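Trainee: I would like to learn how to read a few features of a structural model, one at a time. Could we take each general idea and then turn to the case at hand?

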Amino acid sequence: MENQSSISLAPKLYAIRDGDHAAFIEVYEAMHARVFRFFLKRIYFHDTAKDLTQQCFIRLWQFRHTLSDEHVLEKQVFIIARSLLINHLKKEATQRKLKTEAVKLLPVEAVAASDAVLERASEVNAAIESLPPVRKRVIILKAFHGCTNKEIAQQLEISVKTVEDHVTKAFRHIRQTIALLMILLAGMF
């Protein structure tokens, strides 16, 4: 079956390289589940695997002009996926290392204060989870992935002004949600 899919995708390589969007969609539909499983098997987080799968196909389309005749399309898709996985794992390792180093540098009083920070972080996460899907995606890309408004606009295929609007409304919602939680918590004690 592996050879059959490679054979059936062979003409798609040339079509995609020439900018045929319909051929790209066919390849996406034929391969996205396998690419998703590739990431999920290694990452274990559904949303992260989903994001990396989308990034893989976005890169395939963005860099379609660099597709090689020497390798089957399927192999090139998984080369992109592997590259994204390595970058993701390196980024996670760097973040873990920075957090570990920061904790080592903190005095004992600061560690106690970090519990309050963790509590606030969970409140922020809850506020983010309650956002509408597109706004949630925009704020995650902005705040956690460090993407610029222009990068977010390109990735989500929306205007930069729309991204700015989503960011503004998301931060307003997060502030209001946290303020409400603080009022509710203050009333409990």
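This is a predicted model: local features need pLDDT of at least 70, side-chain atom pairs count only at pLDDT 80 or more; totals for chains, interfaces and linings use all residues.

Trainee: Where is Q76 found, and is Q76 buried or exposed?

Mentor: Helices are DSSP runs of H or I with at least four residues, strands are runs of E with at least two, and both are numbered from the N terminus; Q76 belongs to helix α4, residues 73-105. Buried means under 20% relative accessible area, exposed over 50%, and partly exposed in between, with a 1.4 Å probe and protein chains only. Q76 has a relative accessible area of 9%, so Q76 is buried. Contact means heavy atoms within 4.5 Å, and, apart from neighbours within four places in sequence, Q76 is in contact with L13, L67, S68 and H71.

Trainee: How many aromatic pairs does a search of the whole structure find?

Mentor: A pair of aromatic rings is described by the distance of the centres and the angle of the planes. Rings of Phe, Tyr and Trp (its six-membered ring) pair if their centres lie within 6.5 Å, and planes under 30 degrees apart count as stacked, over 60 as edge-to-face and the rest as tilted. The search finds five aromatic pairs. One of them joins F24 and F57 edge-to-face, with 6.5 Å centre to centre and 70° between the planes. This pair links distant parts of the chain, since F24 is in helix α2 (residues 21-43) and F57 in helix α3 (residues 46-62), 33 residues apart. Y28 and F57 form another edge-to-face pair, at 4.9 Å centre to centre and 80° between the planes. Because Y28 lies in helix α2 and F57 in helix α3, that pair ties together parts 29 residues apart in sequence. Ring pairs link F24, Y28, F57 and W61 into a cluster.

Trainee: Which residue lies over the face of W61?

Mentor: A charge sits over a ring if NZ of Lys or CZ of Arg is within 6 Å of the ring centre and within 35 degrees of the ring normal. At W61 the residue is R64, at 4.0 Å from the ring centre.

Trainee: Which residues of the largest nonpolar core touch the most other members?

Mentor: A nonpolar core is a set of buried Ala, Val, Leu, Ile, Met, Phe, Trp, Tyr and Cys residues joined through side-chain atoms within 4.5 Å. Among the 26 residues of the largest one, V35, F39, C56, L60, L73 and V77 touch the most other members. Helices α1 (2-17), α2, α3 and α4 each supply at least two residues of this core, and α2 gives the most, with nine residues. C56 counts as buried because its relative accessibility is 0%.

Terms used: Residues are numbered from 1 along each chain as its sequence is written. Side-chain values use heavy atoms; hydrogens and water are left out.
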